[in-house]
Amino acid sequence: MTNTQAPPATAKGRAARDRILQGAAELVAEKGVAGVSLDDVRLRTGASRSQLYHYFTDRDDLVRAVIDVTADGVLGRQGELLNHLDSWSGIDRWFNALVQDQVNRQAIGGCPIGSLVSQLAESDPDARTAIAAAFDRWERHLRDGLTRMRGRGKLRKDADPIELATATMASIQGGLLLAQVRRDPRQLRIALNAARNNLRLASA
């Protein structure tokens with residue numbers, strides 16, 4: 001079921017909805033989707049039951065919104081780096097920042113978007129679609145950057161930015177997964193080195 005509720009019209013309403021969403025996202029990160037109830041969200045955020053149903057049609061609707069806000073957080077932490085993936089130096093800065101984030105977090109938590117896949121993709125088709133859209137938002141930054149590089153002659157004319165971006169995202173996700181289970185940020189560095197080598201093969 002999709003969200004049929006109109007966006008809050010007032011700043012107070014938007015703040016209340018955002019507070020509920022942030023609290024729900026924190027709970028999902030801590031306990032997993034299956035372990036979070038609407039009552040848990042209500043207790044965490046101080047929202048009333050009527051508020052929850054004012055902003056979200058049901059629990060599934062809230063989960064879908066949590067996917068979106070989770071993607072916002074992942075992309076927000078990468079900030080301006082995502083706008084400069086149209087040069088080798090920009091890509092290197094992005095890769096280095098991804099690894100440094102894992103160092104800072106001691107390789108705990110993995111990818112917030114990726115962690116939702118195993119919880120929702122096979123049981124909730126709408127959630128799977130939302131997660132796929134979140135990955136596409138992330139991947140699009142590299143796809144667009146590579147397209148600009150090809151236009152400037154930095155990549156071969158036959159290079160496919162879509163395939164290259166998807167292969168790079170696969171390396172990022174695999175690296176984050178191994179870093180998480182092995183508690184070793186170097187796992188991501190190894191995966192990103194391989195991704196960079198693959199991108200360089202398409203260099204003009």
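Threonine 45 sits in helix 2, residues 38–45. Helices here are DSSP runs of H or I with at least four residues, numbered from the N terminus. The model is predicted: local features need pLDDT of at least 70, side-chain atom pairs count only at pLDDT 80 or more, and totals for chains, interfaces and linings use all residues. Residues are numbered from 1 along each chain as its sequence is written, and side-chain values use heavy atoms, with hydrogens and water left out.

Threonine 45 is buried, at 11% relative accessible area. Buried means under 20%, exposed over 50%, and partly exposed in between, with a 1.4 Å probe and protein chains only. Beyond its neighbours within four places in sequence, threonine 45 contacts Arg19, Ile20 and Gly23. Contact means heavy atoms within 4.5 Å.

Now the cavity. A search of the whole structure finds one cavity of 30 Å³ or more. A cavity is a set of points on a 1 Å grid over the protein atoms alone, where a 1.4 Å probe fits but cannot get out; lining residues have an atom within 4 Å of a point. The largest cavity has a volume of about 60 Å³. That volume is the space filled by probe spheres set on the points, which are joined across faces, edges and corners. Its lining includes Ala24, Val28, Ser37 and Arg59. Helix 1 (11–31) and helix 4 (59–78) each supply at least two lining residues. Helix 4 gives the largest share, four residues.

Last, helix 8. Leucine 178 lies in this helix, residues 161–182. Leucine 178 is partly exposed, at 34% relative accessibility.

Terms used:
On a 1 Å grid over the protein atoms alone, a cavity is a set of points where a 1.4 Å probe fits but cannot get out, and a pocket is an open set with protein on both sides within 12 Å along at least five of seven lines; lining residues have an atom within 4 Å of a point.
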